[in-house]
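Here is a short briefing to read with the model open beside you.

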Amino acid sequence: MMIEKLIEDVIEREGGYSDDPADAGGETRFGITAAVARAQGYRGAMRDLPLATAQAIYRTVYWSAPRLDAVAERAPDVAAILFDTGVNMGLAVAIGFLQRALNALNRGARDYPDNAVDGRIGPATLAALTGYLAHRGPAGETVLAKAIEALRGERYVTLAERRPADEAFLYGWLANRIG
């Protein structure tokens, strides 16, 4: 199953326990922040967060709930980028990148209507994705993925410019997260 491989890859990238004072996300284990773990009912010490709990959080919070599974049915490579972006930047940002790219690629709404950039995957976003892929064919997914990657790279640079502490992470973000 696709999501299992994505979870395995993100955990490998994120590593085990971290509490880097320069990281605005704070204490994490397997890339899961304390805030997300607590919101999902975990009450123990973050350094003890079980791997199975992290995997379940990724599967539920970062894949099923935001409907990335529905994106994967249409564009699996795009869904994989959105999953990793959601983990690293937040789901609303990731999905907003998809919505912005779809709106910019619809040739003035001639191919399919614009959709609201609301950070949620609903019927309009899925219809826009389906319309985009119908008009652009197999190469369309590659171009859409490139557009999302461009937005992601720009955001990383902006984060480092706005918060000097994030400069410590910029090289790794660009090296490990931009395709």
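In H5, the buried residues are Val 78, Ala 79, Ile 81, Leu 82, Phe 83, Asp 84, Thr 85, Gly 86, Val 87 and Met 89. Please keep in mind that this is a predicted model.

**More on H5**

- Helix H5 covers residues 76-89, which makes 14 residues.
- From its first C-alpha to its last, H5 reaches 19 Å, close to the 20 Å expected at 1.5 Å a residue.
- Is H5 mostly covered or mostly open? It is mostly covered, with 10 of its 14 residues buried.
- What do the buried residues of H5 pack against? Their partners are helix H1 (2-14), helix H3 (51-64), helix H4 (68-74), helix H6 (91-104), helix H8 (138-162) and helix H9 (167-177).

**The fold as a whole**

- The protein has 9 helices and 3 strands.
- If you follow the sequence, these elements come in the order α-β-β-β-α-α-α-α-α-α-α-α.
- The protein is as compact as a globular protein of its length, because its radius of gyration, 17 Å, is close to the 16 Å that the globule rule gives for 179 residues.
- Taken along the principal axes, the box filled by the C-alpha atoms is roughly 50 × 35 × 25 Å.
- Looking at contacts between residues at least 6 apart in sequence, 53% join residues at least 24 apart.

- Buried residues make up 44% of the 179 in the protein.
- The accessible surface is about 9000 Å², and carbon and sulfur atoms account for 54% of that area.

**A loop residue to look at**

- Ala 116 sits in the loop between H6 and helix H7 (123-136).
- Why does Ala 116 count as exposed? Its relative accessibility is 52%, and the cut-off for exposed is over 50%.
- Ala 116 and Gln 99 are 17 residues apart in sequence, and their C-alpha atoms are 7.2 Å apart in space.

Technical notes
Residues are numbered from 1 along each chain as its sequence is written. This is a predicted model: local features need pLDDT of at least 70, side-chain atom pairs count only at pLDDT 80 or more; totals for chains, interfaces and linings use all residues. Side-chain values use heavy atoms; hydrogens and water are left out. Helices (H or I, at least four residues) and strands (E, at least two) are DSSP runs, numbered from the N terminus. The radius of gyration is taken over C-alpha atoms; the globule rule is 2.2 Å times the number of residues to the power 0.38. Buried means under 20% relative accessible area, exposed over 50%, partly exposed in between (1.4 Å probe, protein chains only). Contact means heavy atoms within 4.5 Å. Accessible areas come from the Shrake-Rupley method with a 1.4 Å probe; for residues, only the protein chains shown count as cover. The expected span of a helix is 1.5 Å times one less than its number of residues.
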